[in-house]
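Here are my notes for a colleague opening this one for the first time. Have a look at it first, then follow the points in order.

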Amino acid sequence: MLEFFLEPLREPFFHRALLAVVLSALTCACLGAYVVLRRMAFLSTALTHSILPGVVGAILLGLSPYVGALAAALLTAGGIAWLSARRGTSEDSAIGVMLSVMFAAGIALMSAAHAWRDFTSLLFGSVVSVGTADLLIIGLTSAGILFTLRVLHKELELASFDEEYAELIGARPAWLRAVLLILVALGAVACVRLVGALLTTALFVIPSATGVLLGRTLPQVMGWGIACALFGGISGLYLSYHFAGVPSGAGIVLCCALPYLVARLSAPRH
Amino acid sequence: MKPQPWWSPLGDACFGLVPRIPYARPDRSECQGIAVEAHGLSAAARTDGPTAFADAAFNIPCGCRTALIGPNGSGKSTLLRVLAGLLPATSGTVQILGAKPQLGRARVAYLAQRPRLTDPFPLTLRRLVQMGTYAHHGWFEECHHGDEAVDRALHLLQLTDLAERAVHTLSGGQLQRALLARATVQGAELLLLDEPYAALDQASRDIVEGFLFTPNANLTIVMATHDPADSQRFDRILELRHGALRTVHACTGHPHRHA
């Protein structure tokens with residue numbers, strides 16, 4: 001039994017994956033609280049999925065995949081803002097358009113490169129693929145996101161709860177929304193190695209949805225979210241290690257859903 | 001003082017790295033006799049919509065309690081939103097406490113008829129009222145002070161027992177009182193209220209009326225209401241009807257005749 005937990009710890013790649021999952025859990029759970037409370041789940045799905053063509057394109061061009069991912073995510077966020085600024089297209093449809101177009105572009109690029117198999121880890125995540133350089137990028141991104149969330153905590157809390165009051169006192173909710181979008185894009189880019197483009201959105205939504213069920217204040221929601229993401233992330237890695245066929249993204253998401261289910265069934269009705 | 005979690009100093013250290021910037025430029029204008037002064041004011045509820053009222057001229061002295069009456073759809077909310085700085089006037093001029101209406105002024109508070117709040121949101125009532133202090137804090141600053149003002153406002157609107165309740169468990173009347181308490185904490189000198197009695201039962205209404213009519217020479221109130229009966233205790237009554245504004249009753253002499 002003990003060997004089940006100790007055996008993976010002898011592998012250096014598992015150490016890197018563990019560290020990456022802890023950093024991602026912290027970042028995604030804190031950011032996810034805003035995503036869930038502001039009902040931006042669909043938007044975060046669009047941002048995370050749209051990373052795909054960026055990463056594939058960057059690899060084909062021989063650039064860093066992170067550069068491509070970030071460019072694609074920012075392009076999507078800008079596209080959604082631009083499309084929904086016109087009368088007649090709601091933000092919801094704008095997200096739907098950008099999401100499917102970017103994802104289709106990703107699939108077309110992958111097919112053109114005749115390399116479906118190479119990109120599986122990109123879609124669903126892989127424990128073994130987290131290198132030292134990836135770890136550095138995840139660490140820097142996480143630190144930046146957590147720092148921003150900390151110094152803008154009261155503004156983001158206010159603008160998420162009462163946008164009009166934020167506007168009245170001059171706290172610029174439109175800027176804050178843009179900041180949040182950029183942070184979500186950065187967070188998604190950081191997690192793509194570990195969880196994969198298709199499943200990163202789950203790391204934003206599931207732990208925070210658990211947090212919202214259990215927490216009474218915003219820090220409590222984030223705290224429960226972190227706990228849920230850490231549990232899901234670490235057990236997901238073990239799942240992925242012991243059952244070699246399971247990509248790490250799938251394992252992590254399945255293990256995150258477990259605490260959500262427990263919380264959903266046991267939380268008192270408000 | 002509540003015990004802080006172990007990681008708190010780690011998070012607080014972040015604030016040392018960023019400069020403090022106020023949300024808006026400091027407001028040095030002063031209320032010199034007239035709190036609100038409008039000439040030829042016109043506005044529309046939406047930027048490309050029809051004009052709600054045109055050519056309105058009125059003034060409201062400092063410390064005067066004014067009722068803004070008129071039937072539904074007569075433009076009361078539009079006028080209040082213009083005064084709050086949320087909506088631009090299509091023509092005319094208006095001076096609020098000696099300056100043009102604009103966002104980011106802690107001295108002006110506005111309470112919407114139906115506040116658009118995110119629900120549910122993990123927030124205690126105390127934290128909601130504390131948000132009134134933000135106007136004085138500015139960017140990149142955690143609120144560490146203002147607790148006494150919050151306690152006073154909670155006491156004033158009889159919310160002390162509910163302070164730790166989650167916002168989404170409050171009734172409409174309790175929430176309305178909480179938002180009024182937030183405006184109090186903000187220290188506003190001009191209070192713009194849009195149908196504040198709409199969601200209130202008699203008990204809550206008595207509390208809110210008690211608060212509004214407590215003598216306070218530093219507080220000017222403009223309250224929109226569709227019910228002329230509500231306007232009885234006010235010093236001044238403005239009526240909006242068919243797109244035109246007229247002063248029905250102007251306060252004369254001392255504005256606090258209900259002291």
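**Notes on the two chains**

1. Let's begin with a helix pair: helix H5 (residues 65-85) of chain A packs against helix H6 (residues 91-112) of chain A at an angle of about 145 degrees, and their axes are 8 Å apart. The axes are lines fitted to C-alpha atoms, for helices over the stretch in contact, with angles running from 0 to 180 degrees between N-to-C directions. The crossing of H5(A) and H6(A) is right-handed. On the H5(A) side the contact is made by Ala72(A), Thr76(A), Gly79(A), Ile80(A), Leu83(A) and Ser84(A), and on the H6(A) side by Glu91(A), Ala94(A), Ile95(A), Val97(A), Met98(A) and Met102(A). Those residues divide into 8 nonpolar, 3 polar and 1 charged. Here nonpolar covers Ala, Val, Leu, Ile, Met, Phe, Trp, Tyr, Cys and Pro, charged covers Asp, Glu, Lys and Arg, and polar covers the others, Gly among them.

2. Before going on, keep in mind that this is a predicted model: local features need pLDDT of at least 70 and side-chain atom pairs count only at pLDDT 80 or more, while totals for chains, interfaces and linings use all residues. Residues are numbered from 1 along each chain as its sequence is written, and chains are lettered from A and ligands numbered from 1 in the order in which they are written.

3. Stepping back to the whole of chain A, there are 14 helices and 0 strands. Helices (H or I, at least four residues) and strands (E, at least two) are DSSP runs, numbered from the N terminus. The radius of gyration of chain A is 18 Å, close to the 18 Å that the globule rule gives for 270 residues, so chain A is as compact as a globular protein of that length. That radius is taken over C-alpha atoms, and the rule is 2.2 Å times the number of residues to the power 0.38. The C-alpha atoms of chain A fill a box of roughly 60 × 50 × 30 Å along the principal axes. Of its 270 residues, 51% count as buried (20 or more other C-beta atoms within 10 Å of a residue's own; exposed is 12 or fewer, partly exposed is in between, and C-beta atoms are placed from the backbone).

4. How many residues of chain A are in contact with chain B? There are 27, and they meet 32 residues of chain B; contact requires C-beta atoms, placed from the backbone, to lie within 7 Å. On the chain A side, the elements giving two or more residues are helix H8 (132-151), helix H9 (153-161), helix H10 (163-168) and helix H13 (218-242). That side divides into 12 nonpolar, 6 polar and 9 charged residues.

5. Strands pair if DSSP finds at least two bridges between them. Arg241(B) stands opposite Ala244(B) in S9(B). With 2 residues between the strands, His242(B) takes a positive phi near 50 degrees. His242(B) is exposed, with 9 other C-beta atoms within 10 Å.

6. Phe140(B) has a positive phi near 55 degrees and sits in the loop between helix H4 (134-137) and helix H5 (147-156) of chain B. Phe140(B) is partly exposed, with 18 other C-beta atoms within 10 Å. Asp119(B) and Pro120(B) are joined by a cis peptide bond, with omega about 5 degrees; Pro120(B) is found in the loop between strand S5 (108-111) and helix H3 (125-130) of chain B.

Conventions:
Contact = placed C-beta atoms within 7 Å. Left-handed = near helix turned anticlockwise from the far one by under 90°.
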